[in-house]
Amino acid sequence: MARPLRALTRGGRDPFLAAPWLAIALFAAPLGTGLAGTLLPAFGWLPALGGAAFGVAPWQRLLAMPELAGAVRVTLTSGVLGTLGALALAVIFVAGLHARPVFAWLRPCLLPLLAIPHLALAIGLAFLLAPSGWVARLVALPLGWDRPPDLATVNDPAGLALALGLALKEAPFLALMLLAAAGQVEAPRQLAVARSLGYGPGEAWLKVLLPQLYPQLRLPLFAVFAYSLSVVDVAIVLGPATPPPLAPLILRWLNDPDLSLRFPAAAAALLLVVLLAVSLGGWRGLERALARWLRPSLGRGAAPRCEPLLRVGGALSAVSVVGLGLLGMLALSLWSFAGRWEFPALLPEAWSTRSWSRALPLLGGPLWTTVWIAALCAVVALVLVIACVEHEALGGRRPTHRVLALAYLPLLVPQLAFLFGFAVLLAYLRLDGTALAVVWAHLVFVLPYTLLLLREPWLALDPRFARTAHALGKGELTVLVRVKLPILLRPVLIAAAIGVSVSTAQFLTTLFAGGGRVPTLATETLAMASAGDRRSAAVGGLVLALLPLVAIALATAWPRLRARRRQGLP
Amino acid sequence: MLTRRWLLGAGLACVTLPGALRAAPFSELLASARGQTVYFNAWGGSDAINGYIAWVGRQVAERFGITLVHVKLTDTAEAVARVLAEKTAGREEGGSIDLIWINGENFKAMKEQNLLFGPFVENLPNWAHVDVAGKPTVLMDFTEPTDGLEAPWGMAQFVFIHDLARVPDPPRSIAGLFRWAAAHPGRLTWPAPPDFIGSTFLKHVLYETIGDPTRLRQPADPATFEADTAPLWTALDTVRPHLWRQGRTWPASGPALHQLFEDGEVDFSMAFNPAEASTLVNEGRFPPTTRTFILEQGTIGNTHFVAIPFNASAPEAAQIVADFLLSPEAQAKKQDPTGWGDLTVLAVDRLPEADREGFDALPRGPATLAPEQLRPVLLEPDASWMTALETAWRDRYAR
């Protein structure tokens, strides 16, 4: 019905026809070559290192590695618990609190929490939870401890602290995705109906909305899981050192002067993909079983009496997600200005600007590099994604939307599994170690997030705006610039800000594509954090968090200012 | 694998030659170095060291027009792996590393695989000031002759760190430390090898348990390694349950151990720089009652160096930087305990009067031992011992 109408009003050809193909060529191609570049050495083929025959020797060597069993255990524990924890926190947060007045305060906190890079939040969390951290100090004072307890509250061998860190960091992302999805299903009306039938607000949300929203949550959820399997920076800060999770272990092997270790490393990177596939398969099975089990009760309409529980749960999840995030940032700020700060004291005994004055000159260059790379990535991703979704909105949906779905693949494949081969491709193109390579590698991740954030608001835009403009004789580009962009300014700016944040947070990609020669805030901060010096890690974490936060602040403030100026204007 | 090693070894003789030809007279280097960028790959885990390298960067920019970029490594092995990967990929020039901070098994690996530029060291004007007679390790890196392929940068000696207020009279042997740990559960640990502080701690255990320490001058014999190290594993297995976190996990690095010491989680820290504890006291991180000590048998001392990869993009500028690092001015600045506090490789008593003053004026930190208290100095075991120990450690403790 929309098609003939548009055909009637649209004059020219679709100027965005090439966009999806360009996006795929530029960003799925590295994925393909990267995966191949990992697959081949995993089966023994890497002529540069003397591997000229296919075989299973790399796997045999991998299986003989003493750390392997422990590493797989830690990886799976932290990945599964972290993802489930994030899901539970997000669902309970939204279900339990969405109808309460406090939600108006909490909801705006989600975006900044999403924007803060994982590494910065992990450093802050470590300051809170360590045996000598704030939590332990609160307990120590009344109990009269003068030494921290010998308890592995961070870097624990089981990986629980890592799981907690991942859960807290990913919960805002999933909550935002839930809220965005809820915007598309006429949530208020459905909730009103359910409430008129006697359900509490939380129960209504769980029973009526969640089953509808879940399919849209699946992609972000799987992305969270894939991310947590191959995360390195958070794992180094919060995870155990012996044995480490698989991803840092693979990185260690890749950095070993014994180059033959690259074969088992490639096999281990592929093992990550296998773990991911098996886990996701298991998850889908669980989904189906759960659906079969729950469907009768959902259909029958029996009311689960869990409203008070949901309220308490919502409050708890808000305290942990928002509260621990803010407290962590506060702890970072204090440590960055701390002089001597002995164990049970809650505040530093002496203050000093030494950490800042020492770190800032060192961070100046990387800060500038990070800013321009992030800005460039955000802009390129924005242009490409807008062209893609324009193309889709103009009716190109059918042939290309499957192709475009490929753009999400980088989020669903463990980074290490293709970065390894991607680095080989870059070296072949003589691009390794250049800032251009880093931009390209970052875009592989900035693009899907931009698409994720921009696609739905774009397609949800009432087509009549464009049609009116067409009827007035305006071309597609004019309509885009003069009509659509001003209306969609807020989501566009937020997508750009998240693009900046995603690029800023890239550690592994910068390391592989930049070859250590393109220092960014993320790589410098991890160097400081893994060195174990809390004060300089705090400075690094703060500077790292500041850039995305500024971007988010600008993105949310600008449309508001603009709206004020344009009040009363159409 | 054997054939590959053999091929590389056979290739060694012919490929060193062009390198030797490239080492031009120093005066000519200055001109070609101007405007070059030196990517200095150096461990980046210490603020004090990073600050010093940044100072060096400003100096060489001002004096020689060289841009110095500090690529911060968490482990020097990363740089070795990178150069090796470039060689395997056929990149004979335009490599991504110009200067590496290096010693021990990493130097041995690079030298054996023919990954180094030079010899260039004796070509450096400031080489004349180096204390070759008094500090033989400037020519002998562990048990590997340097052959002019790496320029000495600083002297290191392993020390243990304690707080007088908590442990007034620390035990001065590994056996004593382990007995102390049994009496004070959870208060002792060391960084997990292959971190170099952790590995060096293991070497001290090896020195004390092997019976005949002269064996460590020879390469480890795979046939007797098991028996040679049996007492070491017995000692470690015995102390393990009394360690921090019941010996189930270890801190990742030396600085991480410092943080545990600062937080009061453990009662001992360790450093490969006798002045490091003083620096940390001055910064307000360690308590003023912090002191250092060495073992009765002595502790390991060595030299750390800078080397230039065979395919460096800017070998000329890298040599200028290596020479500047050896200058009395840069060496005195490096030894200042309010900064890095790393000991000089120069023969200070033979320096010209003006240069000597820079060293004489330096204060000795509150926690730093006097030179005569830092004896005896143990030599580094042959690098093969460490490789074998690290593998055995992984098998037993990294599960």
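A:Leu419 is a buried residue of this predicted model, with 27 other C-beta atoms within 10 Å. The residue lies in helix 18 of chain A.

- Beyond its neighbours within four places in sequence, A:Leu419 is in contact with A:Gly34, A:Leu508, A:Thr509 and A:Phe512.
- Between A:Leu419 and A:Pro188 there are 231 residues of sequence separation and a C-alpha to C-alpha distance of 44 Å.
- A:Pro58 belongs to helix 4 (residues 57-63) of chain A. A residue counts as buried when 20 or more other C-beta atoms lie within 10 Å of its own; A:Pro58 has 25 such neighbours and is therefore buried.
- Apart from residues within four places in sequence, the contacts of A:Pro58 are A:Pro41, A:Ala42, A:Phe43, A:Gly44, A:Phe263, A:Pro264, A:Ala266 and A:Ala267.
- A distance of 50 Å separates the C-alpha atoms of A:Pro58 and A:Val208, which are 150 residues apart along the chain.

**Helix 13 of chain A**

- Helix 13 (residues 246-254) of chain A is mostly covered, with eight of its nine residues buried.
- The buried residues of this helix are A:Leu246, A:Ala247, A:Pro248, A:Leu249, A:Ile250, A:Leu251, A:Trp253 and A:Leu254.
- These buried residues pack against helix 5 (68-97), helix 11 (201-230), helix 12 (233-238), helix 14 (262-300) and helix 18 (415-428) of chain A.

**Nonpolar cores**

- The largest nonpolar core contains 186 residues, of which A:Ala90, A:Leu119, A:Ile123, A:Leu174, A:Ile250 and A:Leu447 touch the most other members.
- Helix 9 (residues 160-182) of chain A supplies the largest share of this core, 17 residues.
- With residues up to four places away in sequence left out, A:Leu119 touches A:Asp233, A:Val234, A:Val237, A:Ala505, A:Phe507, A:Ala522, A:Thr525, A:Leu526, A:Gly541 and A:Leu544.
- A second, separate core has 115 residues, including B:Ile66, B:Leu73, B:Val130 and B:Phe142.

**Contact between chains A and B**

- Chain A gives 45 residues to the contact and chain B gives 48 residues.
- On the side of chain A that touches chain B, two or more residues come from each of helix 16 (354-405), helix 24 (521-531) and helix 25 (534-565) of chain A.
- The residues on that side of chain A comprise 19 nonpolar, 14 polar and twelve charged.

**Domains of chain B**

- According to the domain assignment, chain B has domain 1 (2-154 + 304-362) and domain 2 (159-301 + 377-397).
- The centres of domain 1 and domain 2 of chain B, taken over C-alpha atoms, are separated by 28 Å.
- In chain B, 14 residues of domain 1 are in contact with 15 residues of domain 2.
- Helix 5 (residues 104-112) of chain B provides the largest share, three residues, of the side of domain 1 that touches domain 2.
- That side of domain 1 of chain B is made up of three nonpolar, seven polar and four charged residues.

**A three-stranded sheet in chain B**

- Three strands of chain B, in the order 8-7-9, form an open sheet with antiparallel pairing.
- Strand 8 (268-271) and strand 9 (290-293) of chain B are at the edges and each has a single partner strand, so one side of each has no neighbour in the sheet.
- From one strand to the next, the twist averages 30 degrees.
- Strand 7 (residues 159-163) of chain B is joined to strand 8 of chain B by four bridges, and B:Ser269 in strand 8 is the bridge partner of B:Ile161.
- Helix 9 (residues 254-263) of chain B packs on the sheet and touches strand 7 and strand 8 of chain B; its direction makes about 150 degrees with that of strand 8 of chain B.

**Local backbone features**

- B:Pro193 and B:Pro194 are joined by a cis peptide bond with omega of about 15 degrees. B:Pro194 is in the loop between helix 6 (174-183) and helix 7 (196-209) of chain B.
- A cis peptide bond also joins B:Arg375 and B:Pro376, with omega of about 0 degrees. B:Pro376 is in the loop between helix 13 (353-360) and strand 11 (377-378) of chain B.
- A:Glu186, although not a glycine, has a positive phi of about 55 degrees. A:Glu186 is exposed, with 10 other C-beta atoms within 10 Å.

Note on methods:
Residues are numbered from 1 along each chain as its sequence is written. Chains are lettered from A and ligands numbered from 1 in the order in which they are written. This is a predicted model: local features need pLDDT of at least 70, side-chain atom pairs count only at pLDDT 80 or more; totals for chains, interfaces and linings use all residues. A residue is buried if 20 or more other C-beta atoms lie within 10 Å of its own, exposed if 12 or fewer, and partly exposed in between; C-beta atoms are placed from the backbone. Two residues are in contact if their C-beta atoms, placed from the backbone, lie within 7 Å. Two strands pair if DSSP finds at least two bridges between them. Axes are lines fitted to C-alpha atoms, for helices over the stretch in contact, and angles run from 0 to 180 degrees between N-to-C directions. Ala, Val, Leu, Ile, Met, Phe, Trp, Tyr, Cys and Pro count as nonpolar, Asp, Glu, Lys and Arg as charged, and the others, Gly among them, as polar. A nonpolar core is a set of buried Ala, Val, Leu, Ile, Met, Phe, Trp, Tyr and Cys residues joined through C-beta atoms within 7 Å. Domain bounds come from an automatic or database domain assignment.
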